[in-house]
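Hi,

Here is the structure I promised to pass on. Have a look at it first, and then read my notes below.

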Amino acid sequence: MDRKKVTIPALSAKKQRGEPITMITAYDYPGALAVDEAGVDLILVGDSLGMVVLGYDSTVPVTMDEMINHTAAVKRGTRFAHLVGDMPFLSYQADAKEAIRNAGRFLKEGGADSIKLEGGAALAPIVKAIVDAGIAVMGHIGLTPQSASKLGGYRVQGKTASAAQQLLEDALALQEAGAYAIVLETTPDRVSEFISKQLAIPTIGIGGGVGCDGQVLVFHDLLGYFDRFSPKHNKRYANLKPIIVDAVKQYVADVHTRTFPAAENSFTIDDAQFEAFVQAARSTVVHSDGQHAEEGEALGKIYG
Ligand code: KIV
């Protein structure tokens, strides 16, 4: 089937048809090539970059420049998926002008098709300002990792009637502000499904249950590449970390036993050229007393 670049109207049409939307994170060129070839609708360059690629303890330290560099690399490997750049902590919360400029960098320098930011009704004016500037915005509510400290940790959100009501109001405010989709992170399945049904725009769940309009997972979690822990919402479709460790162990052993590199990994020189080189090398190999090497000695030095 002819694949087309995924557009926002195409995502909206999927919601209307009840067809699930797929999103996955990617952070570099080879990762983007693989997930784009696999046929996902959206690729998110998430600020989870900070934790799964850069080794930070949270997403808070991630900078705009880090996000832009990785978004540009992912863009080079993306042909069909809609590419979303994730705005890092404090790149959009302080004021609308700064938010617009930073969102614009994702499109101009990173090649993203849209941006994502965390926050509900309180962030709706910023979302509207970015959308009014011509930049498509994906919202993100529920567990918003950039404010995990304020939320008291990485906890399920919307577990009480009033917290669920707040989530619904946040989602409606984002939709009203012009967001084209909303990530629902770590929210009870029935709450996510209820909210999804109230919205005209698609919801994309991560720990949001099967009633969301789409799903997103973190590349390293799905592949078992980052194995320090696997969140409850994750499903590992592969277990890459032990495969990588085992392959590198085999390489180390092969180097130690000189079974790598083998002849097929090495390059050759003509006999005559090599002979001429060894003869010429005799005049280059000089003893400490200033004498040139004897015939055959240069070869001995080379094979030492
Ligand atoms: O940063 C990220 O990877 C995300 C997803 C978990 C939605 O925001």
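How far does a polar side-chain atom of Lys116 lie from an oxygen atom of the ligand? The distance is 3.0 Å, which falls under polar contacts (pairs of N or O atoms within 3.5 Å; within protein, one must be able to donate a hydrogen and the other to accept it, and residues adjacent in sequence count only if both atoms are side-chain atoms). The protein covers 95% of the 260 Å² of accessible area that the ligand has on its own (Shrake-Rupley method, 1.4 Å probe).

Before going on: this is a predicted model, where local features need pLDDT of at least 70, side-chain atom pairs count only at pLDDT 80 or more, and totals for chains, interfaces and linings use all residues. Residues are numbered from 1 along each chain as its sequence is written, and side-chain values use heavy atoms, with hydrogens and water left out.

Back to the ligand. The residues around the ligand (a heavy atom within 4 Å) include Thr25, Leu44, Ser48, His140 and Val218.

Now the overall layout. The domain assignment (automatic or from a database) gives domain 1 as 8–240 and domain 2 as 246–303. Their C-alpha centres lie 55 Å apart.

After α11 comes Arg258, with a positive phi near 55 degrees.

Cheers

How values were computed. Helix = DSSP H or I, 4+ residues; strand = E, 2+ residues; numbered from the N terminus.
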